[in-house]
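Subject: The structure, with some notes

Hi,

Here is the structure for you to open alongside your own notes. Once you have it on screen, read on for what turned up.

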Amino acid sequence: MWSYEKKLMYPVKVSTCNPTLAKYLMEQYGGADGELAAALRYLNQRYTIPDKVIGLLTDIGTEEFAHLEMIATMIYKLTKDATPDQLREAGLAEHYVSHDSALFYNNAAGVPFTASYIQAKGDPIADLYEDIAAEEKARATYQWIIDQSDDPDLNDGLRFLREREIIHAQRFKEAVMLISDDRDQKKVF
Amino acid sequence: MSQQQNPFRRYYLPFRGRFDPCPPLGPKVFVVPPNVLTGFQPPDYPQFPPLEALQKGTLWEPFFDYYESPYRK
Ligand SMILES: [Fe+2]
């Protein structure tokens, strides 16, 4: 089970009214390498992975939901006061006609989320390697969003999230080493 | 930290054809984050003070990599 703390993992501040940034942020909301995909991927893989690393998948999968909530807050702040005209200029007219300014699990190009973005192969090495790749892809996505964004406060939050991806990849690499190590296995020669 | 000195950046020069339509961007940069060459986290790793760690997103100094767009002037 989970317990919920009614606060964000890191304070979200947006200083410029630029709904186009909301469109870009959707890549991390409902995109292939976004926070939703990450959370669902890790929490689901927990059941078929060696005991040693179940806790890690739980911790990181849970944290991804906290990241998702930050991204949602950013998107919401950038769109809640936008007129239909402003949303059209931001390339969000299609989003508006389907959702008004409600959030939805789309990527930056408006493609809806699909479970085929994630995998559970049941092979611990294959699954952890996918997780490492997913973290590096998420890190890269944050870089490309920062490259497109002139909002210093938004970028501050994105830099925090990017750093977390670096740490997650580090921990997944350590998980690979942990389960590959045969030191505590009895060897008969 | 200037981009040139950042230990977590690498550069390569894309091939330039005689008839490429756009002026060259120059060296292309990519990130090699601290997790790539570290292996298992060593014992007694240097730490940031707690408040700084919360702000940076990691407790561990060697794992911190500040990102700035290489295109930003
Ligand atoms: Fe992550």
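Which residue does UniProt list for "binding site"? The unreviewed entry gives A:D59. Please keep in mind as you look that this is a predicted model.

To find that residue, go to helix α3 of chain A, which covers residues 54-79; A:D59 lies in this helix. Is A:D59 buried or exposed? A:D59 counts as exposed because its relative accessibility is 54%, and the cut-off for exposed is over 50%.

Now for chain A as a whole. Chain A has 7 helices and 0 strands, so from the N terminus the order of elements is simply α-α-α-α-α-α-α. Its C-alpha trace spans about 75 × 30 × 30 Å along the principal axes. Chain A has 189 residues, and 46% of them count as buried. If you take the contacts in chain A between residues at least 6 apart in sequence, 79% of them join residues at least 24 apart.

Next, the interface with chain B. Here 25 residues of chain A are in contact with 26 residues of chain B. Between them the two chains bury about 1,900 Å², and carbon and sulfur atoms give 47% of that area. On the chain A side, the residues that lose the most area to chain B are A:R159, A:E163 and A:Q170, which together make up 27% of what that side buries.

What about polar and charged pairs? Across the interface of chain A and chain B there are 2 salt bridges by the rule used.

Which helices of chain A supply at least two residues each to the side that touches chain B? They are α6 (124-148) and α7 (152-180). Helix α7 of chain A gives the most, with 16 residues. Sorted by class, the side of chain A that touches chain B has 12 charged, 9 nonpolar and 4 polar residues.

Happy viewing, and write back with any questions.

Best wishes

Note on methods
Residues are numbered from 1 along each chain as its sequence is written. Chains are lettered from A and ligands numbered from 1 in the order in which they are written. This is a predicted model: local features need pLDDT of at least 70, side-chain atom pairs count only at pLDDT 80 or more; totals for chains, interfaces and linings use all residues. Side-chain values use heavy atoms; hydrogens and water are left out. UniProt positions are given in the numbering used here, feature names are shortened, and annotations may be inferred rather than shown by experiment. Helices (H or I, at least four residues) and strands (E, at least two) are DSSP runs, numbered from the N terminus. Buried means under 20% relative accessible area, exposed over 50%, partly exposed in between (1.4 Å probe, protein chains only). Contact means heavy atoms within 4.5 Å. Buried area is the accessible area (1.4 Å probe) that two parts lose on being put together, summed over both. A salt bridge is a side-chain nitrogen of Lys or Arg within 4 Å of a carboxyl oxygen of Asp or Glu. Ala, Val, Leu, Ile, Met, Phe, Trp, Tyr, Cys and Pro count as nonpolar, Asp, Glu, Lys and Arg as charged, and the others, Gly among them, as polar.
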